[in-house]
Every structure is written in C-alpha cells, then in structure tokens.
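The sequence and the structure come before the discussion.

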Amino acid sequence: MTVSLSIGRHCVRFPVIQGGMGVRVSGHRLAGHVAKSGGIGLIAAAGLALNSGLYNGKNFYAADREALKIEITKAREIAPDGVIGVNCMVAVSNFNEAILASCEAGAQLIVSGAGLPLNLPGLTVDYPEVALVPIVSSVKAAQLIARKWHKSFDRLPDAVVVEDPETAGGHLGEKPENIGVGKYDQYQTVRDVKKYFKEQWNLDIPVIAAGGIWDRADLQFALAQGADGVQMASRFVCTEECDAEDAFKQAYLQCKQEDIGLVMSPAGLPGRALVGNIDAVRQHDLDMHLRCPLNCLKKCTYKECQERFCIVTALDRAQKGDVQTGLVFCGTNAYKAERIETVSEIFEELFPLAEREAG
Ligand SMILES: Cc1cc2nc3c(=O)[nH]c(=O)nc-3n(C[C@H](O)[C@H](O)[C@H](O)COP(=O)(O)O)c2cc1C
C-alpha cells in the first residue's frame, strides 16, 4: 500500500487529508505537522478571529481574514515543503473573503463544503495553482457543482471529498431523518462519483472518502473499496499537535460511544457532537442574554430568531477548554481515542516503516 496522492499540481507521499476542524481545532500546528508527515494539512477557516488576539468586539471579518493568513503562514513555517490547504464552509458569511485570503497567503488547496461551493472557481481565478476540492455527500451534489463550474468557469474539481453523514463529525450534508436509517452507502457514493467524472467528463480525479476512518484497517478498506485517499479528522484530535486545549482532547478520551449523537445546528444542518451537555450549551446563551454577536453565518436560526445557540462561540468555548458549555464536534469513532499521540505516530501506524522502505 504505497500509494501517493496528487491533487491538481500538488502531490503528497501519503493519501491522507487531515479534515478541517473548526473552530481552531485544526489550526496551524495540526495542519503544519500533518503536512510535514507527508499528508495534506487543512486549516479550518471558520471563526479564527475568536481567540486570535485580533478581534476587538467590532472587527470580526477583518480579524478573521488576518487570523487565517497568520495560521497559513505559521503552518508553512512548520512544513515548508508540505501541502497545506484551507477548509472553508460555504455557509459562512465571509466565505468569499476567506477564499481570497487563503489564496493570498499561499494555501495550495481549498476544500469546501457545508453547502455547494458553486462560485468557488470565480473567486480563485487569479490563482490557477490552487486546487479546488468540494465536499459532497451525494453524486447529485457533485453533478451540480461540475455542471456549474464547467459552464461558468470552464473548470472542474481537482478532487472530490465524499463525506459520510453516518460517521463524520461536524456539520453533515444530509437531513437528520435520513441519517441512521441504513439508506446511505459511503463507498457506493465514492464509486459513483468516480464513475460520473470518468464517464461524463473523461476525468480521472481523486475521490477521497471522509468519515469513520480511524486506523490502518479502515484506510485499507477505503482504498480497496475504490477511494483514492481518505480524509480523517477525529483521529487527529488527540494528538500533541492538535490546536484545541487539553480539555477538548480529554473529552474525546473520556467519552463513550453513546455520548456521540446528532445536534441540530442553527445553520440548519445536523451536526455530530458529544451531546450530553447540549442543554448547558443552550443555557449558556440564555444566561448571557446573548444576541447574535458576529453575523458569522449567512443563514442562522440563532441570528434570525434566537433559536438554539450561537454555534461559533459554542465551538470556540469548547476549543478553549470549556467543555461544560462548549460544543465538542466529533465523528462516531471519537470514543476509540485512548491516549494523546503525535501526528507522526499516526502516520507510522497507517504506513508502517517496513512497508515504506519496501515501496
Ligand atoms: C471537531 C470537528 C470539527 C469539524 N469542523 C469542520 C469544519 O469546520 N468544516 C468542515 O467542512 N468539516 C468539519 N468537520 C468534518 C471533518 O473535516 C471530516 O470531514 C469528518 O469529521 C471526517 O470524519 P472523521 O472525523 O470520522 O474522520 C469537523 C469535524 C470535527 C471532528
């Protein structure tokens, strides 16, 4: 199993993308070390202004942009020759600005989901070397994106991430009533997306499986099932390099399988998280008489009618170690975390040295 991964003009030694994790769970340290280990490291753009020291209560968008550029620059210092990208969610209000800032700061890849990134190639037109990678959960979404990109921008994706709503952490691209009912087939979707690009566009682009990939057996299974690589997120949380505070990592180490569930996000999408404290998350905002503080999402039920909770500040609190009133996003495998390890230990487990030497 000595496959590498090429996306657009960028090539890495191992077919692993570290999934973007907001808010600041995958910042420069995690992304930089994954890139240094031979995978693709992604900085999650969402909400970086918070906890950056740049936000003064009034300048969220400017601080967010600046903080993103700083994260990219610092990740590059860790892995000067690695491949570093940005995960940017379509649902955020400052999506266009974040994409531009990413390109300006030297991101080599934009990975984008939580909505369809229909205008993405138009934003990066001056940066043709930046690879564009949409995240989808269905062939239909991949088709919509490909048709729109081709028609409007004469461009097609450089790779596609197929994210499994049954296992992935964070916001999910499927209605809650369709999750957990045995309808979704992750690897059939991977193969169908692959087939679509081959048959419709005569294009052999990498299709990456995301969700539920934890160890070497999962990785080998994903590749055997037709994926060209994997995107892994939850596995990288309990690393020394992960940018979240220790209490966030401890929440993973201590959780049980039954603590992981779905929560309806004010963004209108279900999200997978540790659900034991959801009432406390909501109560925090009620106690603080909080109104939408940042306008960070284009559509948000909290902004519009105070329904549910402010998602970006809830994620930020958890990242900073308040796992009592903060929201801890995680995939279904988070309960498998047993210890704090290093990023390079994970890569050594996924790709044992003996095999690397033989390859
Ligand atoms: C803590 C956490 C935060 C996440 N934040 C984001 C995000 O900001 N943007 C995004 O597109 N996906 C986000 N995700 C999804 C991951 O990038 C990834 O696709 C998914 O979790 C893969 O499944 P796994 O965790 O089982 O490996 C997040 C996942 C976790 C666990």
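Domain bounds come from an automatic or database domain assignment. For this protein chain, the assignment gives domain 1 as 5–244 + 336–358 and domain 2 as 249–319. The contact between them takes 26 residues from domain 1 and 20 residues from domain 2. On the side of domain 1 that touches domain 2, the classes are 18 nonpolar, seven polar and one charged. The centres of domain 1 and domain 2, taken over C-alpha atoms, are separated by 22 Å. The model is a predicted one.

**Ligand shell**

The ligand is surrounded by 30 residues, and the closest are G19, G22, G169, G170 and G331. By class, the shell around the ligand divides into 14 nonpolar, 14 polar and two charged residues. At least two residues of this shell come from β5 (83–89), and at least two come from β11 (229–232).

**Parallel strands**

| Strand pair | Sense | Bridges |
|---|---|---|
| β6 (residues 109–113) and β7 (residues 131–136) | parallel | four bridges |
| β7 and β8 (residues 160–163) | parallel | two bridges |
| β8 and β10 (residues 207–210) | parallel | four bridges |
| β10 and β11 | parallel | three bridges |

S112 has P134 in β7 as its bridge partner. I135 stands opposite V161 in β8, and V161 in turn stands opposite I208 in β10. A210 has Q231 in β11 as its bridge partner.

Two crossovers connect strands of this set. From β7 the chain passes through α5 to β8, and this β-α-β crossover is right-handed. β10, helix α7 (residues 216–224) and β11 likewise form a right-handed β-α-β unit.

Is strand β7 largely enclosed or open? Six of the six residues of β7 are buried, so this strand is largely enclosed by the rest of the structure. In a regular strand the side chains alternate between the two faces of the sheet. In β7, A131, V133 and I135 point one way, L132, P134 and V136 point the other way, and all are buried. Strand β10 is covered on both faces as well: V207 and A209 are buried on one side, and I208 and A210 are buried on the other.

Leaving out residues up to four places away in sequence, A142 touches V136, V160, V193 and Y196. Of these, V136 belongs to the buried residues of β7, and V160 lies in β8, which spans residues 160–163. A residue counts as buried if 20 or more other C-beta atoms lie within 10 Å of its own. A142 is buried because 25 other C-beta atoms lie within 10 Å. The C-alpha atoms of A142 and F197 are separated by 9.0 Å, although these residues are 55 residues apart along the chain.

Definitions and conventions: Residues numbered from 1 in each chain as written. Predicted model: local features only at pLDDT ≥ 70, side-chain atom pairs only at ≥ 80, totals over all residues. Near = placed C-beta within 6 Å. Nonpolar A, V, L, I, M, F, W, Y, C, P; charged D, E, K, R; others polar. Contact = placed C-beta atoms within 7 Å. Buried ≥ 20, exposed ≤ 12 C-beta atoms within 10 Å, placed from the backbone. Pairing = 2+ DSSP bridges. Right-handed = clockwise from strand over helix to strand, strands pointing away.
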